[in-house]
Amino acid sequence: MSQRTPDSAKLDRVVAEARRAAEQRELGYRERALKMYPWVCGRCGREFTRTNLRELTVHHRNHDHDFNPPDGSNWELLCVYCHDNEHSRYIDHVRGAGYESAEQAPATGNPFADLKAMLEAKGKR
């Protein structure tokens with residue numbers, strides 16, 4: 001059985017590609033925020049380590065994911081649960097404030113329309 005000698009040029013290409021990929025990831029806002037802020041949820045205070053860091057997300061305070069200032073002023077770190085809650089609250093706020101573009105038709109059905117007759121029929125049994 002013969003051992004193959006590693007192709008050093010191929011290894012160099014793989015290492016260079018991995019380094020470029022890491023540099024590109026570091027340019028992303030998540031990596032920048034993780035370097036900038038402590039690994040703690042800004043709402044519930046849960047602390048994170050490398051083992052559970054995937055559960056810590058970057059929330060855009062103004063809900064604009066394209067607005068990523070270098071000082072991180074539009075970011076806060078939230079655990080996945082608090083992040084989901086924040087977005088649900090925002091959606092509820094937008095709907096409640098009437099910001100939706102499509103007008104909703106008023107409800108036309110009456111769930112209690114036949115209630116009196118049903119109660120009377122039940123009482124006659």
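The model under study is predicted.

**Exercise 1.** Describe the surface and the burial of the protein as a whole.

*Solution.* Begin with the total: the protein exposes about 10400 Å². Next, consider the atoms concerned: carbon and sulfur supply 53% of that area. Finally, turn to burial: 18% of the 125 residues count as buried.

**Exercise 2.** Determine how many helices and strands the protein has, and in which order they run.

*Solution.* The count gives four helices and two strands. Read from the N terminus, the order is α-α-β-β-α-α.

**Exercise 3.** Decide whether Glu86 is buried or exposed, and state which residues it touches.

*Solution.* First, locate the residue: Glu86 lies in helix α3, which spans residues 80–96. Second, apply the cut-off: buried means under 20% relative accessible area. Glu86 has 12% and is therefore buried. Third, list the contacts: leaving aside residues up to four places away in sequence, Glu86 touches Arg43, His59, His63 and Leu78.

**Exercise 4.** Classify Met118 as buried or exposed, and identify the surface patch to which it belongs.

*Solution.* Met118 is part of helix α4, residues 115–123. Exposed means over 50% relative accessible area. Because its relative accessibility is 53%, Met118 counts as exposed. Together with Phe112, Leu115 and Leu119, Met118 forms a nonpolar surface patch with about 440 Å² of accessible area.

Notes:
Residues are numbered from 1 along each chain as its sequence is written. This is a predicted model: local features need pLDDT of at least 70, side-chain atom pairs count only at pLDDT 80 or more; totals for chains, interfaces and linings use all residues. Side-chain values use heavy atoms; hydrogens and water are left out. Patches are made of residues with over 30% relative accessible area and no salt bridge: like charges are joined within 9 Å, nonpolar side chains (Val, Leu, Ile, Met, Phe, Trp, Tyr) within 5 Å. Accessible areas come from the Shrake-Rupley method with a 1.4 Å probe; for residues, only the protein chains shown count as cover. A salt bridge is a side-chain nitrogen of Lys or Arg within 4 Å of a carboxyl oxygen of Asp or Glu. Buried means under 20% relative accessible area, exposed over 50%, partly exposed in between (1.4 Å probe, protein chains only). Contact means heavy atoms within 4.5 Å.
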